[in-house]
Amino acid sequence: MDLSRQLKTAINSGNLTFGQNQASDACANGEAKLLIFAVNCPQEYIDSLHATHPSITLHRVHMVNRDLGVACAKPFSISTICITDVGDSELLSLQTNIGE
């Protein structure tokens, strides 16, 4: 799967939020379906989300936050992406790769 293309599709047709605070809020509200993390996102943050919300798919990509921002066509770095609606993308086919 071309992650950059799928992210752009989800941005255009679905609902995504960027950032750790927004992701934490979406998890607490039960809206999050998938969380995508940059490789340099703090491990303590990921571990706390994994412990408090074990049913949400957590996927770490092999991109630093700067590259993840570019993949989303944003002019800023992104360490965490929360997907609440995938739209026409295939992002929900990603599997959890954290804690394995």
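Q: Why is the sulfur of cysteine 82 too far from the closest cysteine sulfur for a bond?
A: This is a predicted model, in which local features need pLDDT of at least 70 and side-chain atom pairs count only at pLDDT 80 or more, while totals for chains, interfaces and linings use all residues. Residues are numbered from 1 along each chain as its sequence is written, and side-chain values use heavy atoms, with hydrogens and water left out. A disulfide is a pair of cysteine sulfur atoms within 2.5 Å. The closest cysteine sulfur to that of cysteine 82 belongs to cysteine 27 and lies 5.5 Å away, so it is too far for a bond.

Q: How many disulfides does a search of the whole structure find?
A: The search finds zero. Seen from cysteine 27, the closest cysteine sulfur is the one in cysteine 82, and 5.5 Å is too far for a bond.

Q: What makes cysteine 82 count as buried?
A: Buried means under 20% relative accessible area, exposed means over 50%, and partly exposed lies in between (1.4 Å probe, protein chains only). Cysteine 82 has a relative accessible area of 0%, so it is buried. Cysteine 27 has 5% and is therefore buried too.

Q: Which residues of helix 1 are buried?
A: In helix 1, residues 3-13, they are Leu3, Gln6, Leu7 and Ala10. Down the helix axis they fall within an arc of 100°, so they line one face of helix 1. The arc is that of the directions from the helix axis to the C-beta atoms. On the other side of helix 1, Arg5 and Asn12 are exposed.

Q: What do the buried residues of helix 1 pack against?
A: They pack against strand 1 (15-18), strand 2 (34-37), helix 4 (65-71) and strand 4 (80-85). Contact means heavy atoms within 4.5 Å.

Q: How many helices and strands are there in the chain?
A: There are four helices and four strands, and from the N terminus on they run α-β-α-β-α-β-α-β. Helices (H or I, at least four residues) and strands (E, at least two) are DSSP runs, numbered from the N terminus.

Q: How do you know that the radius of gyration of the chain agrees with a compact globule?
A: The radius is taken over C-alpha atoms, and the globule rule is 2.2 Å times the number of residues to the power 0.38. For 100 residues a compact globule would be near 13 Å, and the chain has 12 Å, so the two agree.
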